[in-house]
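Hi,

Here is the structure I promised to pass on. Please open it first, then read my notes below.

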Amino acid sequence: MATLIERDKKAVWHPYTPQKSMPEPIPVVKGEGTYIIDEHGKAYIDAISSWWVTIHGHANTYIAEKIYEQAKTLEQVIFAGFTHEPAVRLAERLLEILPGDFAKIFYSDNGSTAVEVGVKMALQYWWNKGNSKRNKILALNHSYHGDTFGTMSLSNRSVFTLAFQDKLFDVIFTDAPTKDSPLYDGPWDEIACFIYEPMLQGVGSMNMYDATALNKLLQQCHAHEVICIADEVMTGFGRTGKLFSSLYMEEKPDIICLSKGLTGGTMALGVTACTNKIHSAYVDDDRKKTFFHGHSFTANPLACAAALASMDLLLQTDCQNQIAQISSLQQQFVQQLSADARFATRVKNARAIGTIMAFEIESGRDGYLNTIGWEVTRKALEQGVYLRPLGNTVYIMPPYCITTEQLSKVHQVIINILETTA
Ligand SMILES: Cc1ncc(COP(=O)(O)O)c(C=O)c1O
């Protein structure tokens, strides 16, 4: 009989995976808390929360039961013309905790669509107001907002977007602000919105940037009536130490995009929240001013039930303590790595924010396509840890249920790899 890998090879095309000379995928049979368990029973610590989503770890029984209960009651219903308790309850609870003066929740089903919705909402805001001049978008260099055409356009032009370069719309890019950098000084009255990943550009090599400088840029945007869109798809739900990364700044966004940790990584769901000011531009007798956007699985009840359960867990003191504990251990590891003379030329820019730590391995092979990352992944897997560097940027983004011992193991495995990788 054919093995799972053989059957996979025949029938499946995996994301972000070269179709020639790639290591075979690992058949996984189970997830359990921090661990991914393969068909031979080998357990790997999931040190990147499976693409940054499983904030409470794998196969969490509390969330699973809530999904099961919901599945027996109402699994899906068209969300235009119908509503249901999980969607309304989730919206109410999100509005209570979101960082800003948010008034409405718009659902979609992944991070890219949450961002698409946010940007379309902002552009149409100006269109609905009859201002055709405000049609440009300001974004940050090294940003990443997703893989659809709209979100590719908003993202750093890179190897990801090479094949589509001439199909992407123009965006004004400026550097992520630093303490010393001059503020953006362009044609403000043409800018409809500014989109940013607050404090931390994830796919853009885990670039951590300054809260005070970002706050100034947001103030500047608001002074020029530019709509600020926080893409917290990755940073939301405790990742950077606070419940939302936008809480590091006084100046708050007008639109916020969420996904990933929203459902504890169990179900696909996207959320875009906006303020009353944005929403009011859509309250009109003119039907053309409707927001014509929706997805089949918008506000899927199972996903909403999962998000409510995930929020229950996240807001518990235990989970908040875990986030604080992980953050402190990650900071200690940054100091340990930075102080280790053996790695003085190998480890660059060790840094951490909240539960996330990152550094670059100096290999003389910079860039996303260099193979040092694969080497790190392979060596970590051999030692029971799953890491997936972005090029030569190694990072740890663990589930909040990781124990001190498990996180110490991840740190030790990284040290072992640094000792053995040229
Ligand atoms: C900041 C940010 N925005 C948007 C996305 C896209 O989310 P998704 O992969 O769910 O489409 C990602 C994914 O990594 C992200 O990190």
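A helix's expected span is 1.5 Å times one less than its number of residues. Helices (H or I, at least four residues) and strands (E, at least two) are DSSP runs, numbered from the N terminus. This is a predicted model: local features need pLDDT of at least 70, side-chain atom pairs count only at pLDDT 80 or more, and totals for chains, interfaces and linings use all residues. Residues are numbered from 1 along each chain as its sequence is written, and side-chain values use heavy atoms, without hydrogens and water.

Start with helix H4, residues 85-97. Its 13 residues should span 18 Å, and its end C-alpha atoms are 19 Å apart, which agrees. Buried residues (under 20% relative accessible area, 1.4 Å probe, protein chains only) in H4 include Leu90, Leu94 and Ile97. The buried residues of H4 pack (contact means heavy atoms within 4.5 Å) against several elements, among them helix H3 (61-73) and strand S4 (102-108).

Next, Ser246. It sits in the loop between strand S10 (227-231) and S11. Is Ser246 buried or exposed? It counts as buried, because its relative accessibility is 2%. Its side chain makes a polar contact of 2.6 Å with that of Glu232. A polar contact is a pair of N or O atoms within 3.5 Å; within protein, one must be able to donate a hydrogen and the other to accept it, and residues adjacent in sequence count only if both atoms are side-chain atoms.

Last, the ligand. One of its nitrogen atoms is 2.7 Å from a side-chain N or O atom of Asp231. One of its oxygen atoms is 3.1 Å from a side-chain N or O atom of Lys260.

Best wishes

Technical notes
Buried < 20%, exposed > 50% of the residue type's maximum accessible area, 1.4 Å probe, protein only.
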